[in-house]
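Me: I have a structure open on my screen and would like to learn how to read it. Could you walk me through some of its features?

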Amino acid sequence: QVQLVGSGGDLVQPGGSLRLSCAASGSIFSIYAMGWYRQAPGKQRELVATITTSGSTNYADSVKDRFTISRDNAKNTVYLQMNSLKPEDTAVYYCNADLIPLYGPRRNYWGQGTQVTVSS
């Protein structure tokens with residue numbers, strides 16, 4: 001069984017910073033890309049950032065130059081450093097991993113979501 005557990009969400013003032021973490025655990029054979037997505041109330045889930053095993057990154061235009069995604073392959077963990085936060089960044093943030101479990105086919109797994117609220 002594979003689990004992704006995200007953490008780090010909080011209430012922060014505009015201009016503030018937060019760091020999200022997401023650890024994959026369980027019966028994992030190999031992890032490929034990992035990433036973060038977010039869903040604001042009344043909106044569809046959208047991509048925030050992704051990172052490959054080798055460290056290549058991809059960002060949504062709305063977060064470029066403010067957010068940084070990174071990963072620790074030894075810990076099966078992905079991070080999202082969020083700076084200069086804006087009210088429009090308010091959403092539930094979900095981590096995602098494209099991986100092969102020990103028993104089963106390669107597929108995407110999702111974390112449970114962590115709430116980020118940017119408000120004064």
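**Reading the contacts, core and sheet**

Reply: Let's start with Met82, which touches Gly16, Ser17, Leu18, Leu20, Arg66, Phe67, Tyr93 and Val116, leaving out residues up to four places away in sequence. Contact here means heavy atoms within 4.5 Å. Please keep in mind that this is a predicted model: local features need pLDDT of at least 70, side-chain atom pairs count only at pLDDT 80 or more, and totals for chains, interfaces and linings use all residues. Residues are numbered from 1 along each chain as its sequence is written, and side-chain values use heavy atoms, with hydrogens and water left out.

Me: Which residues touch the most other members of the largest nonpolar core?

Reply: In soluble globular proteins, nonpolar side chains tend to be buried together. A nonpolar core is a set of buried Ala, Val, Leu, Ile, Met, Phe, Trp, Tyr and Cys residues joined through side-chain atoms within 4.5 Å. Buried means under 20% relative accessible area, exposed over 50%, and partly exposed in between (1.4 Å probe, protein chains only). The largest core here has 32 residues, and Leu4, Trp36, Leu80, Met82 and Tyr93 touch the most other members. Among the strands that each supply at least two residues of this core are strand 4 (28-39), strand 5 (46-51) and strand 11 (114-118). Strand 9 gives the most, with 5 residues.

Me: In what order do the strands of the open sheet run?

Reply: Strands (E, at least two residues) are DSSP runs, numbered from the N terminus, and two of them pair if DSSP finds at least two bridges between them. In this model 4 strands form an open sheet in the order 1-3-8-7, with antiparallel pairing. Strand 1 (2-7) and strand 7 (67-72) are the edge strands, each pairing on one side only. Strand 1 and strand 3 (residues 18-26) pair over 6 bridges; Gly6 has Cys22 in strand 3 as its bridge partner.

Me: Is Asp89 buried or exposed?

Reply: Asp89 is buried, with a relative accessible area of 1%. This residue is found in the loop between strand 8 and strand 9. A polar contact is a pair of N or O atoms within 3.5 Å; within protein, one must be able to donate a hydrogen and the other to accept it, and residues adjacent in sequence count only if both atoms are side-chain atoms. The side chains of Asp89 and Arg66 are joined by such a contact of 2.8 Å. Asp89 also touches other residues beyond four places away in sequence, including Arg38, Ser84 and Val118.

Me: Which residues form an aromatic pair?

Reply: Rings of Phe, Tyr and Trp (its six-membered ring) pair if their centres lie within 6.5 Å; planes under 30 degrees apart count as stacked, over 60 as edge-to-face and the rest as tilted. The count by this rule is 1 aromatic pair. Tyr37 and Trp110 form that pair, edge-to-face, at 5.1 Å centre to centre and 65 degrees between the planes. Tyr37 lies in strand 4 and Trp110 in strand 10 (residues 107-110), so the pair ties together parts that are 73 residues apart in sequence. Trp110 is partly exposed, at 39% relative accessibility.

Me: Where does Asp65 lie?

Reply: Asp65 lies in the loop between strand 6 and strand 7. Its phi is near 75 degrees, a positive value in a residue other than glycine. Asp65 is exposed, at 84% relative accessibility.
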